Structure formats: structure tokens, C-alpha cells
Amino acid sequence: MIPGETSYRPAREISVISSNAADARITGMIALDDQAGTNYIFAGNGSKLYQLVSSTSALTDKSKAGGYTTAVGERWTFTTFGSSIIASNYSDVLQRWVIGTSTQWADLPGTPPKARSLATVRDFVICGDVVEGGTVHNNRVRWSSIGDETNWTIGTSTQSDFQDFFEGGNVQAVAGGEYGLVLLKRGLYRMDYVGSPLIFQVDQIASNRGLAARDAFVRVGNTTFFLDRDGFYSYDGRQITSIGFGKVDRFFYEDLDVTLLDRVTCASDPINQVVCWSYSSKDRPDGTASNPNRVLVYNY
């Protein structure tokens, strides 16, 4: 059930929206509308990127020629930048779909890094936990040229650059918007655009807070909701607030199958003003299967 104005309301049953299935488990997706109101839904698995074509409700393979070779345990992440949708699976070159132009996904032009997380902060595409020049930088965020997702040449004129974090572990995710929130395993940092030569001012918000699973966060307006190792929190640009302190946090971690922590995902429902976390419980009815079977709903 979900909160209503004066009482709780029943949630809708899960329903199938595609007339066919992907050929392997879907590990990431994005849904958005363009300026004309046309809906786009893309989803990816280990070897393909699909589009859900609304006129036929069919998952259609729109992968680049040759498809993809996503490593075991990796997943797709997406961000939008102007008319471009950018996707990453950490194993292949960043992918781009241009709304109104593209008929299939293609490599993002330029020399972008491989990345485990993507976000858009003001006029920049931000990559987190990157591989560049064959070198792994788990503690780095890297950003594009200002206003140009295809230019990754570092310099004062392009304003493309990077930032390494030496406290807090690997970069788990970046939440985009007017400012950037970098969520490490054990650290939170805020990125504010200040222009050349610094480009971004980076300030540590907390050294004892982090993101427990890469997909266990969502940004709604200026507020980021996230799951830490001890419970649920929000950051509104000013302060970190515990939103599950006590019985909610206890219930979740007692109920969660911690071996499937990486399957926790989070999404927002702005119409009902709720944030939802999906996870696999210890007593899921499918026994040894790893499919998430429960959703926790927070009314912000």
C-alpha cells in the first residue's frame, strides 16, 4: 500500500508491459519523455540494449553493431544530456542515443572513460569509478567539457577535468542536478560549479556515511535518498537526515538477504510523492532464486 491524503491506498499489482522478454536478466533501464511528450524506455542486459516500442509494446534490440560484452556483476546506468541519452556498462565504450535522430545505440564520440556511474551536473556529464587509458580509478570522478558530452580533453578552456577521493573508498554513485553528490562506500562529497580554474569546488559532507549498494539511491529535486550500511537517509543540500531510524532500519536489515545486497534498487514516484526500495528478503517464496520480492515505500 502507499500513503494517500487521508489514508493508505492499495498499490497496483505488478503487470507485464512488454509483449516479449529480453534474452537475459535486465540490469538497468531508463524511462523519459522528450519535449513533444514522446515516451522512451530503454533497458539493457549483458549483451543488448533494448527499446520498449510503445506502439507494439515489444522490446526491440537497438544495440550497436556487434552488441556488448558486459562483465559478470556489472550493470547498465544511464543519464540524459540535452537531446542525448548516455549509457554505460563499465565494460564497453559509453553509448549514446540522440532523441529524434538515432535508430540504434552507438559509441559516444570523443575519448570518454568507462564508468560504473553516470550523472549530469549542470552542463557536465559526470562519470564515477572510471577506467581511463587502461588504468582503473575506483576513487575518481571524471567530467566532460562544459556543454559538450563528446569532448573529454582536460584543460581550462574545455573545463573538463577529474577529482580523486582519498578517503571513503570507491565511488558508488553520483547524484546529478544543480550540484553533484558523490556517494562513496564511506563518504559523501558535494560538487559545486565555480568555473575556471577550479571548475568544481568539492567539499566533504560526511566521512561516516555512504551508499551500501550502487543502485540504492535516487534524487528527487534537490534531495537525495540513499541506503547506508545502517539504514535509510536523505540529504537535501544542507543536512543529512535519518528517515528510517529505529524499527524501519532494524526491520530492513533483519529481513534483507545480505548476500543479495547488490540487487537493491531505488526509484521515485513523483505523482504519489514516494521513494521505493526493492530488495530480496530472506524468506522469499522462490527459494534459492535471487529475484527481489519486497518493496519498502517512503512518503517524503
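Tutor: Let us begin with a term: a salt bridge is a side-chain nitrogen of Lys or Arg within 4 Å of a carboxyl oxygen of Asp or Glu. This is a predicted model, in which local features need pLDDT of at least 70 and side-chain atom pairs count only at pLDDT 80 or more, whereas totals for chains, interfaces and linings use all residues. Residues are numbered from 1 along each chain as its sequence is written, and side-chain values use heavy atoms, with hydrogens and water left out.

Student: How many salt bridges does a search of the whole structure find?

Tutor: The search finds 19 salt bridges. One of them joins the side chains of R75 and D262, at 3.6 Å from N to O. To place such residues, note that helices (H or I, at least four residues) and strands (E, at least two) are DSSP runs, numbered from the N terminus. R75 is in the loop between strand 6 (58-61) and strand 7, while D262 is in the loop between helix 1 and strand 23 (265-269); the two are 187 residues apart.

Student: Is R75 buried or exposed?

Tutor: Buried means under 20% relative accessible area and exposed over 50%, with partly exposed in between (1.4 Å probe, protein chains only). R75 has a relative accessible area of 12% and is therefore buried; D262, at 39%, counts as partly exposed.

Student: Which residue does R294 meet in a salt bridge?

Tutor: The side chain of R294 meets that of D255, at 2.7 Å from N to O. R294 lies in strand 25 (residues 294-299) and D255 in helix 1, so the pair ties together parts that are 39 residues apart in sequence. R294 counts as partly exposed at 29% relative accessibility, and D255 is buried, with a relative accessible area of 10%.

Student: How should I read pairs of aromatic rings?

Tutor: Rings of Phe, Tyr and Trp (its six-membered ring) pair if their centres lie within 6.5 Å; planes under 30 degrees apart count as stacked, over 60 as edge-to-face and the rest as tilted. By this rule there are 20 aromatic pairs. Among them is the edge-to-face pair of F232 and F252, with 5.0 Å centre to centre and 65 degrees between the planes. F232 lies in strand 21 (residues 231-235) and F252 in helix 1 (residues 247-255), so the pair ties together parts that are 20 residues apart in sequence. Both F232 and F252 are buried. Ring pairs also link Y40, F42, Y68, W76, F78, W97 and W105 into a cluster.

Student: Which strands pair with strand 12?

Tutor: Two strands pair if DSSP finds at least two bridges between them. Strand 11 (residues 114-121) pairs with strand 12 in the antiparallel sense over seven bridges, and T120 stands opposite V125 in strand 12. Strand 13 (residues 135-143) pairs with strand 12 over six bridges, again antiparallel, and C127 stands opposite R142 in strand 13. Strand 12 and strand 13 form a hairpin with two residues between them, where G133 in the turn has a positive phi of about 60 degrees.

Student: Why is strand 12 described as largely enclosed?

Tutor: Eight of the nine residues of strand 12 (residues 124-132) are buried, so this strand is largely enclosed by the rest of the structure.
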